[in-house]
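Let's walk through a structure together, one step at a time.

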Amino acid sequence: MKGMPGGGGGRGMRGGVPQKPKMKPSLIILRLGKYLFRFKWMLLAAGLLTLGSNLLALLGPELSGAAIDALAGGEGKVDFPTVFRYCGLMALFYAGSAFLSYILSALMIRLSQSVTYAMRRDLFNHLADLPVSYFDRHQTGDILSRISYDIDTVNTSLSHDFLQICTSVITIAGSFIMMVRIAPLLMPVFIVTIPISILLTRYRSKKVRPLFSIRSAKLGELNGYTEESISGQKTIKAYHQEETMRRRFSERNEDAVSAYYKAEYYAAANGPSVNFINNLSLSLISVLGAIFFLKGRLSIGDVSAFILYSRKFSGPINELANIYSELQSALAAAERVFRTLDEAPELADDPDAVELKVTDGEVQMEHVRFGYLPEKEIIHDLSLDAKGGSLTAIVGHTGAGKTTLINLLMRFYDLQGGTISIDDHNIRKVTRSSLRGAYAMVLQDTWLFSGTIFDNIAYGKPGATMEEVVEAAKAARIHEYITALPDGYNTIITEDGINISQGQKQLMTIARAMLLDAHMLILDEATSNVDTRTEIQIQSAMRRLMQDKTCFVIAHRLSTIQHADNILVVDAGDIVEQGTHKELLAKNGTYASLYYSQFQ
Amino acid sequence: MKKIFQYLKPYLWAMALGVLIKFTGTVMDLFLPSILAHVIDDVAPTGNVRMVIFWGVVMVICAIIAVSFNIIANRFAARVARDTTRAVRQDLYDKITALSCGQVDSIGIPSLISRITSDTYNIHHMIGMIQRIGIRAPILLLGSIIITLFMDWRLALVLIGTIPFMAAVVFYITRKGIPLYTALQQNVDKLVRVVRENAVGIRVIKALSKTEYEKNRFDGVNRDVVEKETTAGTVMAVTNPMMNLLLNLGMTLTILVGAYLVNAGVSEPGTILGFTSYFTIILGAVMAISRIFVNLSKGSASANRIAFVLDMPEDLQLMAPDHIDTDDHILFENVSFSYLKQKDNLKNISFSLKKGETLGIIGSTGCGKTTVVHLLMRLYDRDKGTIRINGDDVRSIPYEKLHTMFGVVFQNDVLFADTIAENISFGRDLTMEEMENAARWAQAEEFIESQDARFEHELTIRGSNLSGGQRQRLLISRALAGKPDILILDDSSSALDYRTDAALRGAIRENFENTTSIIIAQRISSIMHADHILVLENGEAIGYGTHDELMESCESYREISRSQMGDGKKEEVTA
């Protein structure tokens, strides 16, 4: 077995350019609408406020007109009381309108941020429920890009455009009705221009939306590369490959800005094009209007009123066209978000799954078959029986698939054949959280998060007291180090904790495991970064940790596993030898040669 | 912000041209209504159908010019935004790769990531937006003001009188806005951090069933970001209604003043009526300008964050040549160092290595083993003492020379989502043969050969489709592939079984006799054959010598050795 958690063949996974069929825009809009609808009361309030502030603003010209009428008398005949009254009213109405529109903006910001919050929360929660393999396939930077950039794009457009669309639609409908009433004769103009705008819009959306999708994807790739390469900064310096990395960044940067530009390039035509159609209809109206006037079919007043309304009519259409390109980019971004939301989460627990209650902690594997890719099986027929409280050691060459076993025990991946059971409960028939909760695990790759040392140690046991944490830290021989820090247990660990070594991090993860109240324990090279002296010092604590627990230990220092009840020697996905230290040495096979090699 | 505007300089002409084109396009747009008025008022009454059609054609031509020019100008703007952003982003990335490790530590990786991504994105957006609306609006504003000045300068002055107030509002709100947006971006950094930690630690999180906890943790940062954005947005939202109000009040005042002027016979009612129509145009322009300022606030918060990185002084500068003649390849003399400049992480370390010798470093967790290597490679500068390679102070060796001397594997070193070959060659010009050799020496050949695509096999993110041992062997291949002068292995065989480890050491002994090695390990067996062994404890050397010497002289070393190998004799093993 070639031990490949994550499944080989990463080809085609790197690119973020959508290969899957596009989602229908109507579907995306529907799903976006659902988010908006969650805040329907805010939406309603926003609608009312829009109406109110628009009405007040509309009254302004009316009032100013009245004020001007009052001074129309000319020299010495100005009706000052009326002028004052209307001017006072104007000031009042404008103030009211400004106030309402401020409230409206504040409300819209709140609304859009509520949607942002909800989307981001849903996305993250979904990500957290995705199987481990998703994170093996997607670059962190790309995930980040979805959660920040894409969601931001969606909501900038959502909050800003939603109201705009509403008001525009109302105005357009209103003006249309007015125009029909005034001069039905001129309406044929729109029979020409409206289909043109519809066709143009459809053509553009076909052309522009894929460009916006690419833009989002390319930005995701750039972010992925950025995250990956900045994380490897020390290595890059050590090999003096700054130039190489810069060059590669430059390619991706070029891709990203070009994709942005391409989308803008086509989107840039949206506003002017719609404007053009409006101007076109204006020209047609004036020519037709003039002709009808000449033929006596229309009065000049009708023509000018018609034109006034057609201006009113085209204004919002213009605005809509501008919104339209924003909407395209929002749809592309939303599609990426929804696509992630549509990724299948870890298979749901069996409907009749029960909470696992471990009594003895006996773990049995029967005829287990597994491969990360179904067609590439790497564990062929593995059976083992670990009695409750026993210590099973797994040894074998590097990459023989030891880590895969852990992936299966913890059910990070599901089996292709055979069963794993704990106290005769098939692990597929119990809830995942109870299964995983039954294990404590210390891995070779230490993982601490940015938070205090206390939080990191207490991570697996919510509500742990300071005494418990200190006790665990003492047992893991890290207490003295921690107390020597200026802030002690409240020291914040930063992601690359410069003054905390790998070994110290590992000791903290051991302390973390010690706090867990689990029946089973997995130690995967748990002390590989810890020096031997410390290792001996924590041995008694480790032994206590392992007491009464069913333990699975992966170790290269064979000295640490000599007392195992059962040693499994794995090679190429099969167990080639099995037995105690003594039995295996007596066999003089793979294990013996592995064992002696450490003294050569 | 100034810094970013500097990037726009080369495009000033392009922008000016864009303005001109846009200006023409806009003027065409404005012509249409007057032609229309002409047709209705003057041409139609004459009954000349041909003239009507002629003017109709003129209108269509104007419309075509308007559409083409506006599109061209918008594309110009997009191009300028693209070029500027590309340059800013590239310079930022270049600068980040040039930062010293200490500088990176001080800003933090998540923050650097969000500066390159979300901050440069804000800049892109801002530059595009300024050009698109920033041109039309001032033209309209200035034009209208000039016309009103001609209509009646007294009334115009009243209107102009509101401008200082508007400027004050913009100034005040922008000043308030920038720190708010800066705070927002800082919270975005935190969001980046949590997501990053989750992506990396997903196995541990799932193993400990902490999914819910992480969801809550994310919820916290999410809430903070949203809150900061709401605060910033709510403050900025004052701009628009305020400007609207000020201008409208100015208009009201104009009518009042107008009333007196009309009464005094100095002005006409018609003039005041005309004022109101220009006033609408001014209002629209002012709104657009205030939108620009909102964008500018957000943009300049991002610009400042970018400029902060770009302006960081060059750390770890090259010193004047400082050479002594010596046959030591690597020399440490009384070197002390502290990361945080509080407690020394290394104290008074001295050792010397001749070319081809091997130094083993062993010691308890956190004793400063890795720090020795960091200083030798000058990822950080030592506080006291001297470090020399070939007699040159490391601080005087140019980076391209210094950093091409090493083949190194750090603890938890990085693999990239790329092919095996790319991960080994890592940007260096290596032949296939060199890579194959390196893989063989690093004991990686077997597993590489077993992949269908061999060296072209693609790794997944962080090399997660390999086991720990395979990853280490690939990293060692990378270190060996360049036939380095100095080889550094920092606890890089911990995931290798003993046999593989021994074979690796054998291969290095045979093929790298001219390479000076520093090997950090937990296992005595990995370093016991080294020419020199340095035993560290709390940053101090508590033993230095060969294995046999240390077995005699160093209590700690003896203890480590006994714990791992019994008394170093085989028979103990079977007992």
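Y439(A) has M520(A) as its bridge partner, and M520(A) lies in strand 9 of chain A. Strands (E, at least two residues) and helices (H or I, at least four) are DSSP runs, numbered from the N terminus. Strand 6 of chain A and strand 9 (residues 520-524) of chain A pair over four bridges in the parallel sense; two strands count as paired if DSSP finds at least two bridges between them.

Before going on, note that this is a predicted model, in which local features need pLDDT of at least 70 and side-chain atom pairs count only at pLDDT 80 or more, while totals for chains, interfaces and linings use all residues. Residues are numbered from 1 along each chain as its sequence is written, and chains are lettered from A and ligands numbered from 1 in the order in which they are written.

Now step back to the sheet. In chain A, six strands form an open sheet with mixed pairing, in the order 6-9-10-3-11-12. Strand 6 (439-442) and strand 12 (574-579) of chain A are at the edges with a single partner strand each, so one side of each has no neighbour in the sheet.

The domain assignment of chain A, with bounds from an automatic or database assignment, gives domain 1 (39-115), domain 2 (130-342) and domain 3 (363-597). Taken over C-alpha atoms, the centres of domain 1 and domain 2 of chain A are 31 Å apart.

How do the two chains meet? In total, 155 residues of chain A are in contact with 161 residues of chain B, where contact means that the C-beta atoms, placed from the backbone, lie within 7 Å. Helix 3 (residues 80-129) of chain A gives the most to chain A's side, with 23 residues.

Let's look at one pair of helices across the two chains. The axes of helix 9 (residues 270-294) of chain A and helix 3 (residues 49-98) of chain B come within 9 Å and cross at roughly 175°. Axes are lines fitted to C-alpha atoms, for helices over the stretch in contact, and angles run from 0 to 180 degrees between N-to-C directions. These two helices are therefore roughly antiparallel to each other, a term for angles over 145 degrees.

Helix 3 of chain B has another partner, inside chain B. Its axis and that of helix 5 (residues 109-151) of chain B come within 9 Å and cross at roughly 160°, so helix 3 and helix 5 of chain B are roughly antiparallel too.

Conventions:
Two residues are in contact if their C-beta atoms, placed from the backbone, lie within 7 Å. Angles under 35 degrees count as roughly parallel, over 145 as roughly antiparallel, 65 to 115 as roughly perpendicular and the rest as oblique.
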